[in-house]
Structures are given as C-alpha cells and as structure tokens.
Amino acid sequence: MATDGLHENETLASLKSEAESLKGKLEEERAKLHDVELHQVAERVEALGQFVMKTRRTLKGHGNKVLCMDWCKDKRRIVSSSQDGKVIVWDSFTTNKEHAVTMPCTWVMACAYAPSGCAIACGGLDNKCSVYPLTFDKNENMAAKKKSVAMHTNYLSACSFTNSDMQGCDKKAMVWDMRSGQCIQAFETHESDINSVRYYPSGDAFASGSDDATCRLYDLRADREVAIYSKESIIFGASSVDFSLSGRLLFAGYNDYTINVWDVLKGSRVSILFGHENRVSTLRVSPDGTAFCSGSWDHTLRVWA
Amino acid sequence: MLHNPPVFLPPAAAAFPTSGNPSLTFLWMSGKVTTGSDIGQARRAVEQLRMEAGIDRVKVSKAAADLLQFCMEQAKSDPFLVGIPAATNPFKEKKPCAIL
C-alpha cells in the first residue's frame, strides 16, 4: 500500500496519543449525560405478571445444527438453514415442510425471507448471498433458479451472514450509515464477542447478546449502554436476541440450551424456558408478535407462545 | 443505488431497523479494518473518534423516558403482554368442541 504522506507535526505516536485522549473525551461526554439508570426511570412502571410460554410446535427435519431462521411476513412460514447444507421452508402452523433446497456448501450461516414472501436468500461459507425464488411447481428445480447477488448491492429485509470467520468478531457494536458507508457510533462495553444484535422496535436503541453471558441495551440518542441483562447463574454466552413487539420483552437464546426472557425496562428476568437439547443458535419473534421461534444445534426449531 | 457502494467487511451479524430511520443504519459486529499503512490507519482512527466525540447526545433520563413511553403505548398491541385467547392464537391448542 502506498504510504500516506506525513503532515507537519504528525507522527504515529502523536496520532495514537490523540486517539487516546479523544477516547477519554468520548467517555467524558457520555458520562456527563448519564444522570439516571433505565431501571430507575422504570420503577413507576407496573411489573409484568407471570408468563406461561411453552413449545407449541417442534420442527424436525434438519440433519445437523440449525444455524439461522427467519419468519415470512405472512406470520406463518419460516425459513431455516442448517450445517447440513439445507435450507427448509416450513409452515409453522402445520409443521409441514414446503420447500427444501440443498446448498452447494455446508455451513449455511444465514437465511432470510424476502418481504414479498416469494423468495428466500441464504448464504454461508461460500461467501455469497444466493436468492431462491420459491415455487410450488414440483417440476421446477428450485436450485436451478438460484441467483447469486453480491452482498453490498443486495437489499434484504433481514440479515446476510457471509463469513464464518468468527475470529474477526470483536466486542464492538458499530452503527453504520448505509448511504455514506461511515460508522457513526461505536460501543465497546461487552467483555467478549458479540453474537447477535437487534434494533428496539422504535429504532432508537438496540440490544446485543454476547459470549460474556450478558445481553445489553444501548440507546442511540444517549449514545451509551443503558441496561445490562445478566445473572450470576447465567455463565454461558447469549447467541441470539429479539424483542417482543412493544420492546418490553427481550428473548435471548443461550449456549446452555435455555432461553431467558427479560423485562427490558426493569432489567429483571421474567422467565426461563427449557426444551432444546443443545445450544440455541437463532431466535426471531414472529412479525405479528404472537410467537417466537428458536433454532438449535439439536437440529430442531421450536415455536413458543 | 450507489455508484461506488461502500465495501463492508463481512459481518458476524447485522440488523435493519423496522422503524425510526429505516434504511439509514445497520449494525455491525466485526470491527476489524485489515489494510492501510499504520499512519493512514491511525489518522482514520483519530478522524473517526473526533466525529464520534462530537455527535449530539441526549440525557439518559430523556432517552429512557422515551423508551418507556414507546413501550407503554405499544403494550396494548403486544400479544405477549396482552395475551391472546387460545381460540384465536393459531399456535395454542383449541379447546375441543362437541356438536350438540
């Protein structure tokens, strides 16, 4: 790479020390506005009652770990992808499999349902995002109609995971402006890799789940972490998080096979759900908020309501 | 569509907001930048930090109050909070009915 010319008075050391002092200033500015904790503001809010949530459907069919899932806008269909290289579209009401596609590579890290409901996108170790139009015509070979799209020119309503290089993860969550390509905010309070992020329904905050066994809430306008969801008894990493429709509940799937339900405002755990027989790897609330689906390394998906 | 779309390193995960400012921001977890001379990298880091330090912020009390308000307003339409009768929730078992 061509070396950038040095400006007067600018040395690597001076730039580094300026960076350090700017980091200090950033923390100072954030601390100035830290006048209260979220759970204190939430004290006047009524506590949540008891929740009865059970597995209502179990989707069996994958031959290996389920890595990712997504709901269709019709609130009924689910697409899931697995280490067995298959992407399956399920009818979650009946548990029937409607489509199955075999991907050319095995680690299908991500899949998403197109907003139209007519296609699914998935990608994995092949570093590509492929879009498959969904067809009910038995004579049509779904795989033959596949289209590969490059990641940064494809607009998906959900996630696109294209690289499994988890060593690239660090403990930072960064917020980017897609039009300028600029990072506008960065948060580094987790003590270990972050596995999942999800926006709060209003768009003003986001939650993260991390290998440090905590989930955290960051407010974008206050530019800081405003809540930590943790318990001494929870020592395994959180792999996936999602909010209920109002944002009051945070569902988090963990590597100890459980799902914890948190009161976002008060910071307390509302419920713990058992059922999976291996790590929970993916979790999404349905579009109408009536249920959520979790996928696990135990090869199954469960719909909870 | 951008002519020179920003090139993002593959993320570990990403998310799109469904309200607020849609299509403007998304989240990234893998923060590594791989190439660039040391000086160039350091200069970019300083510029980035300058920009981050200078953004407008609101007090946590105000931000928290807004989060609360949104929550309370939406609570009535959150099926997990309000509860749906088993008869209308497609996932819950319906009570058996007998034909009289």
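Predicted model: local features only at pLDDT ≥ 70, side-chain atom pairs only at ≥ 80, totals over all residues.
Guide: Residues are numbered from 1 along each chain as its sequence is written, chains are lettered from A and ligands numbered from 1 in the order in which they are written, and side-chain values use heavy atoms, with hydrogens and water left out.

Visitor: Why is Cys71(B) said to be in no disulfide?

Guide: A disulfide is a pair of cysteine sulfur atoms within 2.5 Å. A search of the whole structure finds zero disulfides over all chains. For Cys71(B), the nearest cysteine sulfur belongs to Cys215(A) and is 16 Å away.

Visitor: What makes Cys71(B) and Cys72(A) count as buried or exposed?

Guide: Buried means under 20% relative accessible area, exposed over 50%, and partly exposed in between, with a 1.4 Å probe and protein chains only. Cys71(B) has 1% relative accessibility and therefore counts as buried. Cys72(A), at 4%, is therefore buried as well. In chain B, buried residues make up 40% of the 100 residues.

Visitor: Which elements does chain B have, from the N terminus on?

Guide: Their order is β-α-α-α, that is, one strand and three helices. Helices (H or I, at least four residues) and strands (E, at least two) are DSSP runs, numbered from the N terminus.

Visitor: Why are α1(A) and α1(B) called roughly parallel to each other?

Guide: Axes are lines fitted to C-alpha atoms, for helices over the stretch in contact, and angles run from 0 to 180 degrees between N-to-C directions. Angles under 35 degrees count as roughly parallel, over 145 as roughly antiparallel, 65 to 115 as roughly perpendicular and the rest as oblique. The axes of α1 (residues 12-32) of chain A and α1 (residues 38-53) of chain B cross at roughly 20 degrees and come within 9 Å. The two helices are therefore roughly parallel.

Visitor: Which residues of α1(A) and α1(B) meet?

Guide: Contact means heavy atoms within 4.5 Å. In α1(A) the residues include Leu12(A), Leu15(A), Leu22(A) and Leu26(A), and their counterparts in α1(B) include Ile39(B), Val46(B) and Leu49(B).

Visitor: How do you know that the side chains of His62(A) and Ser80(A) are joined by a polar contact?

Guide: A polar contact is a pair of N or O atoms within 3.5 Å; within protein, one must be able to donate a hydrogen and the other to accept it, and residues adjacent in sequence count only if both atoms are side-chain atoms. The contact between the His62(A) and Ser80(A) side chains is 2.7 Å. His62(A) lies in the loop between β1 (55-59) and β2 (66-71) of chain A and, at 6% relative accessibility, is therefore buried.

Visitor: What places Arg198(A) in the buried class?

Guide: Its relative accessible area is 11%, so Arg198(A) is buried. This residue belongs to strand β12 (residues 194-199) of chain A. A polar atom of the Arg198(A) side chain lies 3.2 Å from the backbone oxygen of Val241(A).

Visitor: Why is Ser246(A) called buried, and which residues of chain B does Ser246(A) touch?

Guide: Ser246(A) has 0% relative accessibility and therefore counts as buried. From chain B, the residues touched by Ser246(A) include Phe70(B), Cys71(B) and Gln74(B). Ser246(A) sits in the loop between β16 (238-243) and β17 (249-254) of chain A, and its side chain reaches the backbone nitrogen of Arg248(A) at 3.2 Å.

Definitions and conventions: Lists of a residue's contacts leave out its neighbours within four places in sequence.
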